[in-house]
Amino acid sequence: MPTTIKAALKKWEETTGKKANEAVEVKLIGVYPPIEKMDHTLGALTSCEKLSLSTNMMTNIQNLHNLKCLKILSLGRNLIKSLAGIEAVGETLEQLWISYNKIGNLGPLAKMGKLTTLYMAHNLVKDWEQFEFIKELPFLTEMVFLGNPLEEEATEEGNYNYKVINILLTLKKLDGYPVIRE
């Protein structure tokens, strides 16, 4: 039987001595049994600026609409197949950590106007057209994209860095290394 967000938050409150609805940072990492669903209980985290739900078994992004203060969202090492639902925090989210999932479409990121950092290594992005959704993000300065089929193929061809930095003109750091433009 999976752990619910409600049960995980209750345990988190008992462990930390803090109230979830007042907390600026909430970590529900590697909960056992794992969390499988981002349920409506997340709406209570109205003061949360950093939410960590990594290393669980969630398949969808949902119920973020009440998190009006959220700046950093960590969803790495889950089973997420789509970024649909991330738009709910499009006006505040600055960093999205979503490596080691099953995401192939970057479309929902097009509305993430404050996004500065995108860690999405080891997902399933296969084609350059996906970069059309993020190339207009005005503040995107750091991205980790290693382990996606697109990166692996382009690296093998020898043109990965060149192509990425010429599409994403605001990048200053790619895959942990400073971007050098000539």
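Visitor: Which residue follows H1, and what is its phi near?
Guide: This is a predicted model. Directly after helix H1 comes Gly17. The phi of Gly17 is positive, near 75°.

Visitor: How many residues has H1, and what does it reach from its first C-alpha to its last?
Guide: Helix H1 runs over residues 5–16, and it has twelve residues. At 1.5 Å a residue, a span of 16 Å is expected. From first C-alpha to last, H1 comes close to that and reaches 16 Å.

Visitor: Which residues are buried in H1?
Guide: Buried means under 20% relative accessible area. An α-helix has 3.6 residues a turn, so residues three or four places apart point the same way. The residues of H1 that count as buried are Ile5, Ala8, Leu9 and Trp12. They lie on the same side of H1, because they cover an arc of only 100° around the axis.

Visitor: What do the buried residues of H1 pack against?
Guide: On the other side of H1, Lys6, Lys10, Lys11 and Glu14 are exposed. The buried residues of H1 pack against strand E1 (25–27).

Visitor: Is Lys6 buried or exposed?
Guide: Lys6 lies in helix H1. Its relative accessibility is 60%, and the cut-off for exposed is over 50%. Lys6 therefore counts as exposed.

Visitor: Leaving aside its neighbours within four places in sequence, which residues is Lys6 in contact with?
Guide: Lys6 and Met38 are 32 residues apart in sequence, while their C-alpha atoms are 9.9 Å apart in space. Once neighbours within four places in sequence are set aside, the contacts of Lys6 are Asp39 and Thr41.

Visitor: Which helix gives the most to the lining of the largest pocket?
Guide: The largest pocket has a volume of about 150 Å³. Its lining is made up of Ala8, Lys11, Trp12, Thr15, Lys27, Leu28, Ile29, Val31 and Tyr32. With four residues, the element that gives the most to this lining is helix H1.

Visitor: How do the residues of that lining divide into nonpolar, polar and charged?
Guide: Among the lining residues are Trp12, Thr15 and Lys27. The lining of the largest pocket divides into six nonpolar, one polar and two charged residues.

Visitor: What do the buried residues of H3 pack against?
Guide: In helix H3 (residues 160–167), the buried residues are Tyr160, Val164 and Ile165. They are on the same side of H3, because they cover an arc of only 110° around the axis. The buried residues of H3 pack against strand E6 (142–144), helix H2 (149–157) and strand E7 (173–174).

Notes: Residues numbered from 1 in each chain as written. Predicted model: local features only at pLDDT ≥ 70, side-chain atom pairs only at ≥ 80, totals over all residues. Heavy atoms only, no water. 1 Å grid on protein atoms, 1.4 Å probe; cavity = no way out; pocket = protein on both sides within 12 Å on 5 of 7 lines; lining within 4 Å. Points joined across faces, edges and corners; volume = space filled by probe spheres on them. Helix = DSSP H or I, 4+ residues; strand = E, 2+ residues; numbered from the N terminus. Nonpolar A, V, L, I, M, F, W, Y, C, P; charged D, E, K, R; others polar. Expected span 1.5 Å × (residues − 1). Buried < 20%, exposed > 50% of the residue type's maximum accessible area, 1.4 Å probe, protein only. Arc of directions from axis to C-beta. Contact = heavy atoms within 4.5 Å.
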